[in-house]
Amino acid sequence: MPLLVAHELYRFFHIGDDETAALRGVSFQLAAGEIVALTGPSGSGKSTLLSCLTGLDEPDGGHVEVSGVRLTRRSEAERTRIRAASFGILLQSGNLYGHLTIEQNLRFQMLLAGNPDEERLTALLEGVGLSHRATAFSTQLSGGETARAGLAVALAADPPILIADEPTAEVDRETESRLIGHFEARREAGLATLLATHSEALANRADRIVRLKDGRIVR
Ligand SMILES: Nc1ncnc2c1ncn2[C@@H]1O[C@H](COP(=O)(O)OP(=O)(O)OP(=O)(O)O)[C@@H](O)[C@H]1O
C-alpha cells in the first residue's frame with residue numbers, strides 16, 4: 001500500500017477578482033522506500049502541493065490519504081496529530097524556533113515525537129555538518145546552514161515520510177551530495193522521501209521524477 005496518496009487535488013487562490021488555479025487535478029502516490037523528485041517551473045504548484053499533502057493547507061477539491069487514513073477535511077487538531085506521526089517537513093523557511101539553539105531545536109523535535117536520543121542528536125548534527133554550530137541560534141546561521149539545520153529537525157523523529165521543499169537550494173556541491181546521502185539512507189531503511197527541487201543533480205538521484213506545469217502533472 002502506498003504511504004501517501006493524493007486524489008485529484010485542486011487548489012485555487014483568490015486575490016481581488018483574480019483567481020489562480022495552483023493545482024488542477026493532481027493525483028500522486030508515494031511508496032515506502034522511494035525517493036521522488038517533484039520538479040517544475042517557478043509557480044507551477046510544487047509548494048502548494050506539498051502543503052496540501054501534509055495537511056498544512058486544505059485542497060479545495062480532492063483528498064489526501066496517509067497510510068490509508070484520510071487527512072483532508074479533518075479538524076486542525078486531527079491533521080496536526082496525523083502530520084506529527086507521519087511526516088518530517090522541511091519548508092523553504094520557518095523550520096526553526098529562533099529563540100532556541102540548533103541543538104535545542106533538535107531536542108525539542110525529538111521530545112515532541114516522544115523519543116529524545118542524545119546520540120542521534122549528535123549524529124544528526126554531524127550528518128548535516130553542523131556539529132560546530134550546535135549552540136548557535138538560527139538567526140546566527142548562513143542560508144545554507146539554516147537549510148541544513150532545518151533538515152536535521154525534519155529528520156529528527158525518523159519520520160516515515162520526509163517532505164522537503166528545495167532542501168539543497170542554498171548549499172554547495174559537497175553539502176548537496178552529503179544531503180543526498182541522507183535521502184538514500186532513508187530509502188535503504190524503507191522510508192519515503194518527496195523532494196521539491198530545481199536541482200538536476202538531486203532530481204537525477206531520485207527513483208522517479210514527477211513534473212508539474214501550471215498545476216498539472218505532465219508526463
Ligand atoms: N497564498 C497564496 N495566495 C495567492 N496565490 C498563491 C498563494 N500561494 C501560491 N500562490 C500562487 O499559486 C501558484 C503556485 O505557487 P507555488 O508556490 O505552489 O509554486 P512553486 O512551484 O512552489 O514555485 P517556486 O518554485 O517558485 O517555489 C503561483 O501562481 C503562486 O503565485
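Reply: Happy to. In E5, arginine 70 is the bridge partner of glutamate 65. Before we go further, this is a predicted model, in which local features need pLDDT of at least 70 and side-chain atom pairs count only at pLDDT 80 or more, while totals for chains, interfaces and linings use all residues. Residue numbers start from 1 along each chain as its sequence is written.

Me: Good to know. How many bridges join E4 and E5, and in which sense do they pair?

Reply: Strand E4, residues 61–66, and E5 are joined by two bridges in the antiparallel sense. Strands here are DSSP runs of E with at least two residues, helices are runs of H or I with at least four, and both are numbered from the N terminus. Two strands pair if DSSP finds at least two bridges between them.

Me: What's the strand order in that sheet?

Reply: The order is E2-E1-E4-E5, an open sheet of four strands with antiparallel pairing. Strand E2 (18–30) and strand E5 (69–70) are at the edges with a single partner strand each, so one side of each has no neighbour in the sheet.

Me: And how do E1 and E2 connect?

Reply: E1 and E2 make a hairpin with two residues between them, and glycine 16 in the turn has a positive phi of about 60°. The two strands pair over ten bridges in the antiparallel sense.

Me: Which helix lies across E1, E2 and E4?

Reply: That's helix H1, residues 46–53, which runs at about 120° to strand E1 (4–15). Angles run from 0 to 180 degrees between N-to-C directions, with axes fitted to C-alpha atoms, for helices over the stretch in contact. Contact between two residues means that their C-beta atoms, placed from the backbone, lie within 7 Å.

Me: Is H1 mostly covered or mostly open?

Reply: Mostly covered, with seven of its eight residues buried. Those are Lys46, Thr48, Leu49, Leu50, Ser51, Cys52 and Leu53. Buried means 20 or more other C-beta atoms within 10 Å of the residue's own, exposed means 12 or fewer, and partly exposed is in between, with C-beta atoms placed from the backbone. Just after H1, glycine 55 has a positive phi of about 75°.

Me: Switching topic: which residues are around the ligand?

Reply: The shell is Phe13, Ile15, Thr20, Ala22, Gly40, Ser42, Gly43, Ser44, Gly45, Lys46, Ser47 and Thr48, where a residue counts as near if its C-beta atom, placed from the backbone, lies within 6 Å of the molecule. E1, E2 and H1 are the elements that give two or more residues to it.

Me: How do E3 and E9 pair?

Reply: Strand E3 (residues 35–39) and strand E9 (residues 208–213) pair in the parallel sense over four bridges. Alanine 37, for instance, has isoleucine 209 in E9 as its bridge partner.

Me: And isoleucine 35, buried or exposed?

Reply: Isoleucine 35, in strand E3, counts as buried because it has 22 C-beta neighbours inside 10 Å. Not counting residues up to four places away in sequence, isoleucine 35 touches Phe183, Arg187, Thr193, Ala206 and Asp207.
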